[in-house]
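Let's take a friendly look inside a protein model. Keep the 3D view open while you read.

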Amino acid sequence: MAVISALVRGCTGLLLATLAWPAPVPAKDKMDALLLVDADASEAGFMLRTRWGQRLDGRFPVMAGEVRTLADGHKQVLLRLSARDVEIVGHPRYSRLTRDEAFFDADRHPEVIFVSDPFDADLVEDGGNLPGELVIRGVKRRETFRVEPVACERPMRDCPVVAAGTVNRNDYAMDRWGFALGERVEFRLSLHGQEALAP
């Protein structure tokens, strides 16, 4: 049991160090300190094109995430998407292939993770570029998502925050099937949230 406990503590510490996830503001700053992604109301998807022009729409039905308010008032997003549950809409065979080692390699890399740079709250209201670190198949790279302006006073609560970005799958060692698939993977997110007190 002592060995198992040590391994668990070690893995937990490694994960936290890898993400370098900052501490939220103290709980006295109330519920604005932490906003949880409402997985049931949110959508995370992607689009691929085959070499002969067919469009394949994918989705991540299982996700988790949060938006934290940092001590200096900036916000930061952490989003986790389950590669083990990824689907290609209407194509069960493609769904299985997308999870296997040639693409997301979900058995060894069960999550796609995005950690944004700190950003000002006005970015969500006005729209703009949101850079950060994207991890796919254990490969970490800088990527930028484009956030659309919102039309409500409480983004993620009263209306979704929508963002999109395009990555090159070869950058993440998803370089098989080059004869059949294009290189671009277009991600699109529509996120709703629910307020919660920071721990």
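This is a predicted model: local features need pLDDT of at least 70, side-chain atom pairs count only at pLDDT 80 or more; totals for chains, interfaces and linings use all residues.

Residues are numbered from 1 along each chain as its sequence is written, and side-chain values use heavy atoms, with hydrogens and water left out.

**The cavity**

Think of a cavity as a set of points, on a 1 Å grid over the protein atoms alone, where a 1.4 Å probe fits but cannot get out; its lining residues have an atom within 4 Å of a point. Its volume is the space filled by probe spheres set on the points. How many cavities of 30 Å³ or more are there? The count is 1, and the largest cavity has a volume of about 80 Å³.

Residues lining the largest cavity include Leu79, Val112, Phe145 and Leu189. The lining has 9 nonpolar residues, with no polar and no charged ones; here Ala, Val, Leu, Ile, Met, Phe, Trp, Tyr, Cys and Pro count as nonpolar, Asp, Glu, Lys and Arg as charged, and the others, Gly among them, as polar. The largest share, 3 residues, comes from β7.

**A buried arginine**

Now find Arg169, in the loop between β10 (161–168) and β11. Is Arg169 buried or exposed? Arg169 counts as buried because its relative accessibility is 1%, where buried means under 20% relative accessible area, exposed over 50%, and partly exposed in between (1.4 Å probe, protein chains only). Its side chain reaches the backbone oxygen of Met174 at 2.4 Å.

**Salt bridges**

A salt bridge is a side-chain nitrogen of Lys or Arg within 4 Å of a carboxyl oxygen of Asp or Glu. The structure holds 13 of them, including these:

| Pair | N to O distance |
|---|---|
| Glu66 and Arg68 | 2.6 Å |
| Lys140 and Glu133 | 3.7 Å |
| Glu148 and Arg188 | 3.3 Å |

That last pair links distant parts of the chain: Glu148 sits in the loop between β9 (139–147) and β10, Arg188 in strand β11, 40 residues apart. Glu148 is partly exposed at 34% relative accessibility, and Arg188 is partly exposed at 45%. By contrast, Glu66 is buried at 15%, and Arg68 is buried at 11%. Finally, Arg141, Glu143 and Asp171 are linked in a network of salt bridges.

Note on methods:
On a 1 Å grid over the protein atoms alone, a cavity is a set of points where a 1.4 Å probe fits but cannot get out, and a pocket is an open set with protein on both sides within 12 Å along at least five of seven lines; lining residues have an atom within 4 Å of a point. Helices (H or I, at least four residues) and strands (E, at least two) are DSSP runs, numbered from the N terminus. A polar contact is a pair of N or O atoms within 3.5 Å; within protein, one must be able to donate a hydrogen and the other to accept it, and residues adjacent in sequence count only if both atoms are side-chain atoms.
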